[in-house]
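Subject: The structure for you to look at

Hi,

Here is the structure I promised to send you. Have a look at it first, and then read on for what I found.

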Amino acid sequence: MVFPDPDDKSKFQKDTLFDGEIVNDIEEDKSITTRLYVFDCLLDRTKNLMSRPLQKRLGYFESHVLKPHIEWKRRVNPKDLPFDLVCKPMVKAYHFDETYKKLSTLKHNSDGLIFTAISAPYKIGTCEAMLKWKPPSENSIDFKLILFYQNGKPEYPDKRPDRFELHENRGKKGYHYYDELYVEDEWEEWREKEIIVDDKTSEKRLNLNGRIVEVFRDESRKWRFLRFRDDKTDGNYFTVVRNIIQSIEDGVSLEESLAPVRIFQDEATEERAENARLSSFIGAIAVGDL
């Protein structure tokens, strides 16, 4: 990728740092376009922008990075670029309901909404001025799945375990039992697709024990299976588990989230709404799992 220097088009930028996420967008014709959605800018050619307001930081990115890059593409017409560069769309917080409705129309998967404070500086690590809203089913946790058999070992390969146990990562202390995974229809699919032959013993067995699974808690407080995370070797660390549980317990429903929006619309002009409680936030569509 090429990013021309905005002050000298014959040179390319260096020491510029921006924050974003690469996603595969599925177009209407089912083709895939890889895009880098940028949602912040930290350095502009060594100039530290982290203490500046979000709108200023994004302004630097659009004028000093994105605009010169687009002009370069028009002039050179390069082929086979690894991705398209775009600035992530954002709206004011009182358009939260409209933004939520657009989630289903995105060209990529999204798991919720991000509220970013306009005036807050960029913070490395956890930013307390940033809020994320997710539907309950998207507040997920990664555990290690352990199959428990009352007799210690299954009599036959596809015997259903007595318990599907979820174990949490305690670091040097290993994995400890946390709770039970509630399994219904998944079992029939697993017993058909997850039977393998052990390389050492040549015996058939279920390829489930010890795998990392992503789960969510349903309305009845049961843990449900979302997907296998074979891309991970470990589940979430126990402190992360506690934080996610707290997030689930403190969760706000869509109806509760929309309440302040409706108050603004019924009782305030747009100008007054901007000075109200949510005026310091920009609601942005979240891209993928953040």
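Let's start with a hairpin: strands E15 and E16 form one, with 5 residues between them. In the turn, arginine 221 has a positive phi of about 70°. The two strands pair in the antiparallel sense over 5 bridges, and along them valine 213 stands opposite phenylalanine 228 in E16. Before you go further, please keep in mind that this is a predicted model.

Now widen the view to the sheet around this hairpin. It is an open sheet of 5 strands, in the order E12-E11-E10-E15-E16, with antiparallel pairing. Strand E12 (175-180) and E16 are the edge strands, each pairing on one side only. Ignoring direction, neighbouring strands of this sheet are turned by 50° against each other on average. Elsewhere in the sheet, E10 and E11 run antiparallel and are joined by 5 bridges. To find your way there, look for lysine 144, which stands opposite histidine 167 in E11.

Back in strand E15 you will find arginine 217. Is arginine 217 buried or exposed? Its relative accessibility is 14%, and buried means under 20%, so arginine 217 counts as buried. What does its side chain make a polar contact with? The partner is the side chain of glutamate 249, at 3.1 Å. Leaving aside neighbours within four places in sequence, arginine 217 is in contact with Lys222, Trp223, Ile248 and Glu249.

Next, the nonpolar residues. In soluble globular proteins, nonpolar side chains tend to be buried together. In this model, the largest nonpolar core has 22 residues, and the members that touch the most others are Phe164, Leu181, Trp190, Leu208 and Trp223. Which elements give two or more residues to this core? Four are strands: E10 (141-148), E11 (163-169), E15 (212-217) and E16 (223-228). The others are helix H3 (186-193) and helix H4 (238-249).

Not counting residues up to four places away in sequence, leucine 181 touches Leu145, Phe164, Leu166, Trp190, Val215, Trp223, Arg224 and Phe225. Another core lies apart from the largest one; it has 14 residues, among them Cys41, Leu58, Leu66 and Leu85.

Strand E1 (residues 4-5) and strand E2 (residues 8-12) pair in the antiparallel sense over 2 bridges. The hairpin joins E1 to E2 through 2 residues, and proline 4 stands opposite phenylalanine 12 in E2.

A few loop residues are also worth a click. Most residues other than glycine have a negative phi. Lysine 30, however, has a positive phi of about 75° although it is not a glycine. Where does lysine 30 lie? Look in the loop between strand E3 (17-26) and strand E4 (32-44). Lysine 30 is exposed, with a relative accessible area of 68%.

Arginine 45 also has a positive phi, near 50°. You can find arginine 45 in the loop between E4 and strand E5 (47-48). With a relative accessible area of 21%, arginine 45 is partly exposed.

Exposed means over 50% relative accessible area, so isoleucine 124, at 65%, counts as exposed.

Finally, some totals for the protein. The secondary structure comes to 6 helices and 17 strands. Of the 290 residues, 38% count as buried. The accessible surface comes to about 17,800 Å², and 48% of that belongs to carbon and sulfur atoms. Among contacts between residues at least 6 apart in sequence, 57% join residues at least 24 apart.

Enjoy exploring, and write back with any questions!

Best wishes

Key. Residues numbered from 1 in each chain as written. Predicted model: local features only at pLDDT ≥ 70, side-chain atom pairs only at ≥ 80, totals over all residues. Heavy atoms only, no water. Core = buried A, V, L, I, M, F, W, Y, C linked by side-chain atoms within 4.5 Å. Buried < 20%, exposed > 50% of the residue type's maximum accessible area, 1.4 Å probe, protein only. Contact = heavy atoms within 4.5 Å. Areas by Shrake-Rupley, 256 points an atom, 1.4 Å probe, with all protein chains shown as cover. Pairing = 2+ DSSP bridges. Axes fitted to C-alpha atoms, helices over the stretch in contact; angles between N-to-C directions. Polar contact = N/O pair within 3.5 Å; in protein donor to acceptor, adjacent residues only side chain to side chain.
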